[in-house]
Amino acid sequence: MSALVGVIMGSKSDWATLCHTVDTLEALGIEHEVKVVSAHRTPDLLFDYAAGAADRGLEVIIAGAGGAAHLPGMAAAKTPLPVLGVPVQSSMLSGVDSLLSIVQMPAGIPTGTLAIGRAGAINAALLAAAMLGNKYPAIREALEAYRAEQTQKVLDAPDPRPT
Ligand code: RP5
């Protein structure tokens, strides 16, 4: 099966965050592709990637970036696919800059904006699974199993004290 989710990030340095997205997609058995695509350093590549994504069979794009994080918004401007933005925790401003760069889109071109860092990276994959699960029963089942497992883990270990 060809990739359903395209995971893009502005720099190799974003991998430490976006690896959590990829790990989660893999845990759910969702076909995906991964690539560095920079809004600022490779703008033409970004336009080509986003403009051709739907024709190549992608159904969701997850875009992670930090600082002046224009990648998700610009990708969204060039594709009708849902784009989920992951704000990477930047060193200077702890990712608040990334978050605000992604979330504050003008009306007309939405990006789904997740939390800063690891939580957002994981949740982007889970949100993509929720979208794809409407069409692919195996993905819906995988997502339900993932959630049931995390519920059970909490119920199985209710005592917070270290053993
Ligand atoms: C952004 O600039 C990237 O998404 C990355 O988070 C940040 C820093 O990039 P590097 O200088 O580490 O390549 O475009």
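Q: Where does Asp14 lie?
A: Asp14 sits in the loop between β1 and α1 (15-27). Helices (H or I, at least four residues) and strands (E, at least two) are DSSP runs, numbered from the N terminus.

Q: How is this model to be read?
A: It is a predicted model, in which local features need pLDDT of at least 70, side-chain atom pairs count only at pLDDT 80 or more, and totals for chains, interfaces and linings use all residues. Residues are numbered from 1 along each chain as its sequence is written.

Q: Is Asp14 buried or exposed?
A: Asp14 counts as buried because it has 24 C-beta neighbours inside 10 Å. The cut-offs, for C-beta atoms placed from the backbone, are 20 or more others within 10 Å for buried, 12 or fewer for exposed, and partly exposed in between.

Q: And what is Asp14 in contact with?
A: Leaving aside neighbours within four places in sequence, Asp14 is in contact (C-beta atoms, placed from the backbone, within 7 Å) with Met9, Gly64, Ala65, Gly66 and Val88.

Q: Which residues does UniProt list for "binding site"?
A: The unreviewed UniProt entry gives Ser11, Asp14 and Arg41; such annotations may be inferred rather than shown by experiment. These residues span 31 residues in sequence, yet no two of their C-alpha atoms are more than 14.4 Å apart, so they gather at one spot.

Q: What about Arg41, buried or exposed?
A: Arg41 is exposed, because 11 other C-beta atoms lie within 10 Å. Its place is the loop between β2 (32-36) and α2.

Q: Then which residues of α2 are buried?
A: In helix α2 (residues 43-52), the buried residues include Leu46, Tyr49 and Ala50. They cover an arc of only 90° around the axis (taken from the directions from the helix axis to the C-beta atoms), which puts them on the same side of α2. The face turned away from that buried side carries the exposed residues Asp44 and Gly52.

Q: What covers the buried residues of α2?
A: The cover includes β1 (5-9) and α3 (71-77).

Q: New topic: what does Ala75 touch?
A: Not counting residues up to four places away in sequence, Ala75 touches Ile8, Leu46, Ala50, Ile61, Ala63 and Val83.

Q: Where does Glu144 lie, and is it buried or exposed?
A: Glu144 is part of helix α6 (residues 137-156). With 12 C-beta neighbours inside 10 Å, Glu144 counts as exposed. From C-alpha to C-alpha, Glu144 and Ala130 are 9.4 Å apart in space, and they are 14 residues apart in sequence.

Note on methods: Two residues are in contact if their C-beta atoms, placed from the backbone, lie within 7 Å.
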